[in-house]
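Grab a pencil and keep the model open beside you.

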Amino acid sequence: MRKALFVALAVFCTATVSEGAYANEQVVPLLNNVRVVSVSASEDVFANPDKAVFLIMIESEGATFKKSLEINTTRLKKLQELASALGFTQTHEYINLSQESSSFIKMNRAKSYRLFRFVNFETQTMKSVPELALKIAEWDDFYLREIHFENSEIESQKNRAFSKAFEKAKARAEFVAKEASQRLGKPIRISDTYTETSPKATPVNCDSIKVTAKVDLSCELLD
């Protein structure tokens with residue numbers, strides 16, 4: 001009886017280990033006894049920007065929080081009117097508050113309230129970008145923190161870059177197989193990564209956004 005129980009337990013443990021190994025194989029294929037060639041390739045594609053996003057900071061200061069907020073709100077309306085006239089749409093905003101004390105002794109009595117309002121505007125009218133940037137640079141207490149350029153079809157651009165990189169990787173794998181007097185078999189592993197590069201912060205125009213796709217390809221080698 002004890003021997004039978006031991007055998008049954010051994011079979012159960014073996015089955016459990018086998019099941020765990022099989023589960024791991026689904027995530028990372030175990031390529032025992034399989035000859036593999038692994039190559040990498042990358043390709044760039046370029047897309048014209050069709051949207052610009054501005055981050056603008058508005059600063060104000062007053063003896064009370066209410067006064068500082070009133071000043072800041074007035075300046076915001078001035079910015080909103082200009083941005084609207086240039087074809088910009090406000091998306092969101094947030095405010096930071098800084099209290100400055102009059103002296104070390106009166107640490108708990110604020111001398112002034114400084115507000116920093118951060119506002120985002122976006123537009124699809126690229127010709128308006130330099131004009132709004134110039135106005136912000138001329139106005140006191142307005143600060144242009146960033147201009148970010150985007151392309152609404154960026155996912156299709158990534159697909160285009162992937163196709164080019166994949167074809168390059170496949171051609172390279174075929175070349176390696178031929179040099180080794182082998183035939184190229186089916187793909188075993190394919191992975192891809194992307195980088196998107198566009199001018200940020202200081203440029204006020206953008207000719208193109210570069211999308212780079214890198215493909216890592218592993219294929220079987222056959223006789």
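## Exercise 1: a helix and its cover

Helix α4 (residues 154-179) has 26 residues and spans 37 Å from first C-alpha to last, close to the 38 Å expected at 1.5 Å a residue. Before you start: this is a predicted model, where local features need pLDDT of at least 70 and side-chain atom pairs count only at pLDDT 80 or more, while totals for chains, interfaces and linings use all residues. Residues are numbered from 1 along each chain as its sequence is written, and side-chain values use heavy atoms, with hydrogens and water left out.

**Task.** Find which residues of α4 are buried and what covers them.

*Step 1.* Helices (H or I, at least four residues) and strands (E, at least two) are DSSP runs, numbered from the N terminus. The expected span of a helix is 1.5 Å times one less than its number of residues.

*Step 2.* Pick out the buried residues (under 20% relative accessible area; exposed is over 50%, partly exposed in between; 1.4 Å probe, protein chains only). In α4 they are I154, Q157, A161, A165, F166, A169, A173 and A177.

*Step 3.* Look at the spacing with this rule in mind: an α-helix has 3.6 residues a turn, so residues three or four places apart point the same way.

*Step 4.* See what lies over them. The cover of α4's buried residues includes β1 (36-47), β6 (183-197) and β7 (209-222).

## Exercise 2: the partners of β7

**Task.** Work out how β7 pairs with β1 and with β6.

*Step 1.* Two strands pair if DSSP finds at least two bridges between them.

*Step 2.* Take β1 and β7: they run antiparallel and are joined by 12 bridges. Here F46 stands opposite K210 in β7.

*Step 3.* Now β6 and β7: these also run antiparallel, with 12 bridges. D192 has V215 in β7 as its bridge partner.

*Step 4.* Check the cover. β7 is mostly covered, with 10 of its 14 residues buried.

## Exercise 3: rings and charges

**Task.** How are the rings of F54 and F88 arranged?

*Step 1.* Rings of Phe, Tyr and Trp (its six-membered ring) pair if their centres lie within 6.5 Å; planes under 30 degrees apart are stacked, over 60 edge-to-face, the rest tilted. A search of the whole structure turns up four aromatic pairs.

*Step 2.* For F54 and F88, the centres are 5.1 Å apart and the planes stand at 85°, so the pair is edge-to-face. This pair links distant parts of the chain: F54 is in strand β2 (residues 51-62) and F88 in the loop between α2 (65-85) and β3 (89-101), 34 residues apart.

*Step 3.* F54 is buried at 0% relative accessibility, and F88 is buried at 6%.

*Step 4.* Y94 and F118 make a stacked pair, 4.9 Å centre to centre with 15° between the planes.

*Step 5.* A charge sits over a ring if NZ of Lys or CZ of Arg is within 6 Å of the ring centre and within 35 degrees of the ring normal. The charged end of K78 sits over the ring of W139, 4.2 Å from its centre, and that of K158 over the ring of Y194, 5.8 Å from its centre.

Definitions and conventions
Contact means heavy atoms within 4.5 Å.
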